[in-house]
Amino acid sequence: MATCHTPTPTRANAPASSTASTVVLAGNPNVGKSVVFAALTGTYVDVSNFPGTTVEVFRGRRGDLEIIDTPGVYGVGSLNDEEAVARDVILTADTVVNVVDAVHPERDLFLTLQLIDMGLPVIVALNMADEARKQGVAIDRDLLEDLLGVPVVETVAVTGVGIDELLERLPEARPGHADPALDADVLPLAARIGSRAEAILVLEGDAIVAERNGVEAHASADCVYTARRARVNDIVGHVLTTTTEGAGLGAHLSYLMMHPLTGLPMLGALLWLMYKVLGEWVASDLVGFTEGTIMNGYYEPFMRGLVSHVFAAGSAGYTFLAGEFGVVTMTVTYLLGVILPLVAGFYLLMALLEDSGYLPRIAALADRSLTSLGLNGRAVIPLILGLGCVTMGTLTTRILGSKRERFIATALMAIAVPCSAQIAVISALMARVGGWYALGYFAALLAIFVAVGTVLNKLTPGVSTDLLIDLPPLRVPRIGNVLRKSSTKVYHFMKEVAVFFLAGAALISVLDITGALTWVQTVAQPLTVGWLHLPKEAATAFVMGFVRRDFGAAGFFTMNLSSAQLLVAMVTITLFVPCIASVMVILKERGWKYLAGLLVTSVSGAFLVGGLLTRLLEVLR
Amino acid sequence: MRNRQRNRHRGGTQTLDTMRRGEHCRILGIDDDRARGQAIRFGMGEGALLSCITKVPAGPLVMRSGRQEIAIGRQLARRIRIEQLDSQAAC
Ligand SMILES: Nc1nc2c(ncn2[C@@H]2O[C@H](COP(=O)(O)OP(=O)(O)O)[C@@H](O)[C@H]2O)c(=O)[nH]1
Ligand SMILES: [Mg+2]
């Protein structure tokens with residue numbers, strides 16, 4: 001009686017003869033799936049945001065094999081979005097390559113046994129074999145193969161060891177020794193819904209899979225999990241021998257990173273370094289070269305020359321294409337000369353952080369402060385990503401455990417977190433004024449961040465979840481991995497953002513040509529001139545700020561502002577509405593009521609704070 | 001609240017948040033549905049042996065089980081029932 005039945009993936013039962021099409025990589029986070037994927041496919045061919053989530057799924061090919069990399073999970077189910085995405089990809093697999101970290105078999109084999117219980121054709125890549133050896137962890141591969149009933153291949157993905165063997169033995173992937181105790185419940189259910197894999201998930205209480213198959217989810221998760229855990233411990237007891245206790249420098253550093261006395265200075269040093277690299281080297285030195293020398297020096301004059309062959313300077317067509325906000329001049333300069341170096345720098349740093357294992361330790365350190373804002377330590381991940389791009393941060397709020405946390409984190413980012421492009425423009429502007437004003441800017445934002453979070457924590461109904469995360473070992477990041485990760489992300493980010501940028505510039509040009517911009521400037525005069533004591537052209541910057549936040553900040557470049565005016569302008573534009581791209585994402589993720597509330601709050605809040613700051617600075621002077 | 005009262009009734013049942021750095025314990029139960037499913041995946045379910053390697057003041061506890069390190073928020077730690085074991089480690 002499978003009502004709302006989704007097409008059940010067809011799977012070849014005889015693995016050796018299958019025309020092996022879809023190979024899915026599955027494994028815990030940080031076990032080397034992506035490196036195995038790169039080794040198998042040569043490169044990242046396609047990145048897609050899985051429908052409805054941001055959890056990334058990477059697809060590639062090798063010969064006639066389609067190879068898919070999934071997000072790291074500790075189990076398949078619907079505990080969170082990553083699990084649900086991994087589950088749906090795994091259900092389409094002809095072969096599952098389960099990447100297992102040889103250093104942590106107790107943890108990783110839980111997923112392995114689940115895949116095996118699901119009756120999927122599995123082959124295990126026992127990765128990090130080098131690391132295991134170094135840490136004195138030995139696993140009896142042959143015995144493990146016997147106990148699991150599926151092929152086990154030792155690999156060191158980063159050096160390519162074992163990849164050939166993995167490929168060679170791929171056709172040997174087969175359903176392993178599932179827990180016979182499950183059969184009594186699973187077999188009838190599997191017969192009814194036509195898939196053993198889905199039957200197991202239903203038995204484990206996966207409500208989504210149950211609904212798809214028109215059956216009730218069972219409530220036996222605890223009992224299935226406990227039995228599986230016992231089997232894992234039993235297998236590990238048989239195959240694992242440890243010779244040395246793997247503590248040492250890494251463990252000590254890990255402790256120092258999480259203890260506030262040492263951890264806070266380290267975090268401070270990291271943020272300072274990030275600012276130094278992004279805000280100074282990239283934003284002024286590198287961007288000065290790419291934007292100033294290359295784009296403004298060569299590219300723009302060249303394009304203006306070209307355009308002037310077609311449209312007379314000063315005509316509407318010329319203004320649209322090559323005027324102040326020209327689609328082929330300013331927009332391209334901005335995208336390639338400013339945003340690209342910045343976003344590349346940012347993603348590079350993020351990939352380094354991610355690869356080193358430092359991020360989850362920051363989460364542990366920040367947990368305490370974030371709980372007073374109604375979040376838990378996990379929220380540092382969207383928040384830090386929000387510093388890169390608020391849109392990206394907002395999408396990543398999906399990793400948070402409750403609706404309440406997503407509600408708070410989204411608002412915090414939209415209101416008080418400047419994105420990297422904006423930070424760059426602001427740093428460049430701030431470089432002209434005294435250091436005190438730059439400090440004042442960050443202090444004002446921090447105060448607003450804490451205030452907004454504290455208020456939302458009081459007002460938002462519901463309960464927040466608690467921190468429960470796994471801390472991966474600290475590692476020296478691999479440069480190849482870092483470059484690969486960051487370059488794909490930069491590419492996809494640029495691709496997405498370019499459209500909004502072009503549309504935004506076109507809109508501003510049209511407003512400019514039709515005279516609407518002057519009208520807005522006049523209408524907004526009481527606010528800009530009267531209340532904020534800024535020139536009336538500031539209205540243009542605010543309109544532009546809605547298109548892209550950094551666009552808005554850049555609008556102040558050409559105005560001759562005093563240091564105090566600049567500080568007011570920067571604080572106001574930061575608090576002012578988020579850019580169009582994040583507005584769309586917020587609308588999609590949180591709904592229109594939330595968006596409307598957020599827009600009203602941030603616009604009124606921005607002008608209120610800006611006006612008060614103006615008066616404060618005038619009193620101080 | 002409810003849990004704490006129950007702990008008091010049982011008398012002597014300890015919760016994870018009372019652990020100090022260097023101490024060892026065995027997990028007796030996790031009174032949180034979501035966390036229980038997650039913990040058992042990590043290998044930190046009922047019966048698991050843990051040692052406390054860091055306790056962030058007023059913040060999370062970092063526990064080690066095997067070679068695995070897990071950070072557990074303070075609130076959640078109050079809902080994890082444990083049995084303290086003799087600690088061999090000098091700290
Ligand atoms: N020593 C060692 N490190 C590895 C190996 N495979 C992957 N790594 C590293 O482990 C980290 C996580 O790898 P990644 O592929 O991003 O993991 P994923 O989260 O499973 O996709 C990276 O720093 C890799 O360089 C291996 O076989 N040996
Ligand atoms: Mg990966």
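# Notes on a predicted two-chain model with a ligand

1. **Who surrounds the ligand.** Of the 20 residues around ligand 1, the nearest are N30(A), K33(A), S34(A), D130(A) and D355(A). The model is predicted, so please read what follows as a description of a prediction. By class, the shell around ligand 1 holds 7 nonpolar, 6 polar and 7 charged residues.

2. **Polar contacts to the ligand.** Begin with the backbone. A polar backbone atom of V31(A) sits 3.1 Å from an oxygen atom of ligand 1. Side chains take part as well. An N or O atom in the side chain of N127(A) is 3.0 Å from an oxygen atom of ligand 1. A nitrogen atom of ligand 1 has a polar side-chain atom of D130(A) at 2.8 Å.

3. **Cover over the ligand.** On its own, ligand 1 has 580 Å² of accessible area, and the protein covers 95% of that. Which elements give two or more residues to the shell around ligand 1? They are helix 1 (33-41), helix 4 (129-134) and helix 21 (479-514), in chain A. Helix 1 of chain A gives the largest share, with 3 residues.

4. **Where the ligand lies.** Chain A is assigned domain 1 (21-242) and domain 2 (260-620). Why does ligand 1 lie between them? Both domain 1 and domain 2 of chain A give residues to the shell around ligand 1, so the ligand lies between the two.

5. **How the domains meet.** Taken over C-alpha atoms, the centres of domain 1 and domain 2 of chain A are 39 Å apart. The two domains are in contact: 17 residues of domain 1 of chain A meet 14 residues of domain 2 of chain A.

6. **N30(A), beside the ligand.** N30(A) is among the residues that come nearest to ligand 1. Its place is the loop between strand 1 (22-27) and helix 1 of chain A. The phi angle of N30(A) is near 65°, which is positive in a residue other than glycine. Is N30(A) buried or partly exposed? Its relative accessible area is 36%, so N30(A) is partly exposed.

7. **H533(A), another positive phi.** H533(A) is also a residue other than glycine with a positive phi, here near 55°. H533(A) sits in the loop between helix 23 (525-531) and helix 24 (538-547) of chain A. With a relative accessible area of 30%, H533(A) is partly exposed.

8. **R107(A), a link to chain B.** R107(A) belongs to helix 3 (residues 105-117) of chain A. Its relative accessible area is 3%, so R107(A) is buried. The side chain of R107(A) makes a polar contact of 3.3 Å with the side chain of Q68(B). Leaving out residues up to four places away in sequence, R107(A) touches R41(B), F42(B) and Q68(B), among others. In chain A, the residues R107(A) touches include N28(A), P29(A), V31(A), Y74(A), D101(A), R229(A) and D470(A). One of these, V31(A), also has the polar backbone atom that lies 3.1 Å from an oxygen atom of ligand 1.

9. **I200(A), fully covered.** I200(A) is in helix 8 (residues 196-203) of chain A. This residue is buried, with a relative accessible area of 0%. Beyond residues up to four places away in sequence, I200(A) touches D117(A), M118(A), L182(A), V186(A) and R228(A). Q114(A) is 86 residues away along the chain, yet the C-alpha atoms of I200(A) and Q114(A) are separated by 8.6 Å.

10. **Helix 16 of chain A, largely enclosed.** Helix 16 (residues 380-388) of chain A has 9 residues, and 7 of them are buried, so the helix is largely enclosed by the rest of the structure. The buried residues are V380(A), P382(A), L383(A), I384(A), L385(A), G386(A) and G388(A). What do they pack against? Their partners are helix 14 (330-356), helix 15 (359-371), helix 17 (390-396), helix 18 (403-416), helix 19 (420-430) and helix 20 (435-459) of chain A.

11. **Chain B.** Chain B has 3 helices and 6 strands. From the N terminus, their order is α-β-β-α-β-β-β-α-β. Of its 91 residues, 56% count as buried. Among contacts in chain B with a separation of 6 or more, 60% join residues 24 or more positions apart. The accessible surface of chain B is about 4,300 Å², and carbon and sulfur atoms hold 44% of it.

Methods: Residues numbered from 1 in each chain as written. Chains lettered and ligands numbered in written order. Predicted model: local features only at pLDDT ≥ 70, side-chain atom pairs only at ≥ 80, totals over all residues. Heavy atoms only, no water. Near = heavy atom within 4 Å. Polar contact = N/O pair within 3.5 Å; in protein donor to acceptor, adjacent residues only side chain to side chain. Areas by Shrake-Rupley, 256 points an atom, 1.4 Å probe, with all protein chains shown as cover. Helix = DSSP H or I, 4+ residues; strand = E, 2+ residues; numbered from the N terminus. Nonpolar A, V, L, I, M, F, W, Y, C, P; charged D, E, K, R; others polar. Domains from an automatic or database assignment. Buried < 20%, exposed > 50% of the residue type's maximum accessible area, 1.4 Å probe, protein only. Contact = heavy atoms within 4.5 Å.
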